[in-house]
Amino acid sequence: LDTEQVKVFGVVARKNAQHTKADLDAEATLKPITSDPHDSHFQNLQIDEIPDKVLGDICDPNGLFGSLVVGAAAQQGAGAANPASGGVHQPCPQHLDQAGCLADPGCVWFDNSLSCGDSPCLHHCEEKNCTADTANGCKWTNGTICVREPKTGCEIYNGKPADCEAQKDCQVDKDNSTCIDKKCNRDNEQGCLADPDDCVWNNLNQDCVERPCKETEEGPCVASTDGCVWQTTIPLNSTVSAYARGQPMTPFPTLTCTVSGSCSCSETVKGAAVDIEEGYVKGKDVLACDQCAALGFEAEWHDVPGVLYLKSAGAQKTLTEYAAAIATVTFTTTSDAGSPRTISWNYGHAFLSSATGHYYHYYTKSECQNVDPKATDCHWSQAQAECESADNMILGLRGYLMTITTEEEDRVAKMKLEGQGWMGASDVREEGKWNWVTGPEGAAGGCVYASGKSGCNIQTETGLPFGEGTGSSFAPAIDQTTGRDMYDNWAKDEPNDFRGPCPGSCATDGEDYGHFLWPSGEWNDYPGDHQQIDGYICEWGGVGDMCVDVDDATGVTDLVPGVCVEKICVNDTEADCKANPKCEWVGGNVQPCVVAPCVEIPNEKECDADPVCHWDVTVSPSLCKEKICNKYKDPATCSTKDDCMWDDGVNRCVDKVCDPFDRCDCKAEPRCFWDTSSGTGKCVESRYGQCPTLDVVLLLDGSGSMSQNFGRHPNGFYAMMEMIRDWVKTL
């Protein structure tokens, strides 16, 4: 109504299902004075058709409409002469309800008789006596009369905590026990989450409530009346650090340089990095180095990948000096999710992944100095030249455009992308046959690198094949070491060697170079001079000899949440812990019941993007949980589970899927079926392998019942959609 600037709207609520003269007369009176068009801003409804919440708002003196209705009645009942505007106050009508009574400054509510009467303030004829009567809240008004300071809204219930809490828009202030407006009085989840520091959306009850346990220190947290506990989720037999929301802490306070190898701590490097490697919450987590300037360093925070880069403000500095600067780096988060973080540091101007043992860095195209006269932007060949340049070496390692051979390495790339970026893949040698042409993969494919180079001569050398074809017909090559398909992550219908108009040489040369899409991280092909490329990722590892032991060039620490949380997952018994879907029983004497992995991920999209998590619709409300197979940490245990298989590519236990099996392995697996309907054949789950190809059309009836409880879920529509999504994802 406000958006459409409606001035007058009207509703007639009739008792009977059929119209009567009474409601039709009311309609005839009211409808002509509603805003034009009259029909759009007038309703004649049977009272049963009006939702209870709306009726409550009208009847409740503190409701959106009720306060106006009752307030108007109070003004009429108080008489024409009101002390707020001067004059003599008329006797207070006893029939006024509490809200109407207290809204009139000349009246007072008597709890013993539950009636309205004249305020004692009216007995004071002089200003000094009036202002001295603080017990009755008296106030001298207009220089003529003493009245009580009027009370409205929640303050009506001051001193009456039970009555205060009974009002939907009120709450008791914990500091002074007065009745105040509810802080989180929001009607929907979006409005509630707009105030994340104070409010939280309750999925089960579908309402916005004040966030409990907001204390940032252990003492106030434990003393809170919200039933809070100071939680540091420390795994058994682990040495970790704890962090608190909003409190800076130093992950590596005692770091000093200790290296072995042909380089010493006096070796100079171009930079160092501190990386939130796991658990990073963009927009909430920050790494900073307030003391770096005094130590002669510049610190540059990259909020997309979650990396803090350090570099000398002048001449290059030694490993010893970088260690001293890293020791002062602080981690701060405003996230209250209470999830752990893994933070690593390393020498060198890129970040060193603890998962792969290689360095990576995303460069923007502004750092790509073109020498190709035909290039108008960052050409693929020039990006490779930048990566392999002598000036770009790290502790004896030569860089190259990134190659990706595992899902884990692809995940590292996706986390660190800051835009579309080149990778070391090409089919320029022979159209449709894709090869890794840089780094150790290129060398493994037969390329012989000239001095100072880390990539193939793509005009004469092939590199390491990882697949051929276009779009849906792309077929991965077989890894000669493992016998499995080579890894790829092409976007839908890619690569396609597009030869139409584009901001590059598509029409004449096609698309012969691989790159990452942004922000999905999927792969695509471009011509080498495509002008929409944003940058490139350099990788170091496998080309050149590192002059220090890799364990001396990096370090890692796990930070666990030292946060004030509701008393969940801090149960007395194993049974209580296992009964809570958000908790996991780990045993031991430190904290046997902990918050389960993945449950802090807030939505299905982010949950499914994490390879160790899945969105669980068997609980209500649905939430993110760890995949069962991920709990088995060694190949022997994993192999005993019927639904799990050990994946050497990512070095963990994963859900058993039929897709990677060849024909023989597929037939040996009871749960799989070799489907030849597509021509070449592929391994699929036997439950669906023999189903005919068909379209499925789902028609949902959006009736009123869909907003009611549905089985275990408080909302039928959401429950139905979750069930359908789960079914489709299974297919």
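## The largest cavity

In this predicted model, the largest cavity holds about 40 Å³ of space. Its lining consists of Glu277, Glu278, Phe351, Ser353, Ala355, Glu408, Arg411, Val412, Met415 and Lys416. By class, that makes four nonpolar residues, one polar residue and five charged residues.

Which helix gives the largest share of this lining? Helix H12 does, with five residues. H12 spans residues 407-416. Strand E14 (272-278) also supplies at least two lining residues. In total, the count comes to three cavities of 30 Å³ or more.

## Phe351 and its ring partner

Phe351 is one of the residues that line the largest cavity. Phe351 counts as buried, because its relative accessibility is 2% and the cut-off for buried is under 20%.

The model has 17 aromatic pairs. One of them joins Phe351 and Tyr360.

## An edge-to-face pair

Tyr487 and Trp523 form another aromatic pair. Here the centres are 6.0 Å apart. The angle between the planes is 75°, and the pair is edge-to-face. Why does this pair tie together separate parts of the chain? Tyr487 lies in the loop between strand E27 (475-476) and helix H14 (506-509), while Trp523 lies in strand E29 (residues 523-526), so the pair links parts that are 36 residues apart in sequence.

Are the two partners buried or exposed? Tyr487 is partly exposed, with a relative accessible area of 22%. Trp523 counts as buried, at 0% relative accessibility. Both rings belong to a cluster linked by ring pairs. Its members are Trp434, Trp436, Phe466, Phe474, Tyr487, Trp490 and Trp523.

## The second largest pocket

The second largest pocket holds about 490 Å³ of space. It is lined by 23 residues. Which of them lie nearest its centre? They are Lys311, His349, His361, Tyr363 and Glu367. The lining divides into eight nonpolar, seven polar and eight charged residues.

Several elements each supply at least two lining residues. They are strand E16 (297-302), strand E17 (307-312), strand E22 (359-364), helix H11 (380-388) and strand E30 (535-544). The largest share comes from E22, with four residues.

## Helix H11

H11 is mostly covered: seven of its nine residues are buried. The buried residues are Trp380, Gln382, Ala383, Gln384, Glu386, Cys387 and Glu388. What do they pack against? Their neighbours are strand E23 (397-401), strand E24 (421-426), strand E28 (513-516) and E30.

Gln384 sits in helix H11. It has a relative accessible area of 6%, which means it is buried. Its side chain makes a polar contact with the side chain of Ser454, at 3.0 Å. Leaving out residues up to four places away in sequence, Gln384 touches Tyr400, Leu401, Thr438, Ser454 and Gly455.

## Cys265 in a loop

Where is Cys265 found? It is in the loop between strand E12 (241-243) and strand E13 (268-269). Cys265 has a relative accessible area of 18%. Cys265 is therefore buried, since the cut-off is under 20%.

Again leaving out residues up to four places away in sequence, Cys265 touches Cys257, Thr258, Val259, Thr318, Leu319 and Thr320. Cys265 and Ala323 are 58 residues apart in sequence. In space, they are 9.4 Å apart, C-alpha to C-alpha.

## The whole chain

How many helices and strands does the protein chain have? It has 20 helices and 39 strands. The chain is 731 residues long, and buried residues make up 42% of them.

Now take the contacts between residues at least 6 apart in sequence. Of these, 56% join residues at least 24 apart.

Notes
Residues numbered from 1 in each chain as written. Predicted model: local features only at pLDDT ≥ 70, side-chain atom pairs only at ≥ 80, totals over all residues. Heavy atoms only, no water. Buried < 20%, exposed > 50% of the residue type's maximum accessible area, 1.4 Å probe, protein only. Contact = heavy atoms within 4.5 Å. 1 Å grid on protein atoms, 1.4 Å probe; cavity = no way out; pocket = protein on both sides within 12 Å on 5 of 7 lines; lining within 4 Å. Points joined across faces, edges and corners; volume = space filled by probe spheres on them. Nonpolar A, V, L, I, M, F, W, Y, C, P; charged D, E, K, R; others polar. Polar contact = N/O pair within 3.5 Å; in protein donor to acceptor, adjacent residues only side chain to side chain. Phe/Tyr/Trp six-rings, centres within 6.5 Å; stacked < 30°, edge-to-face > 60°.
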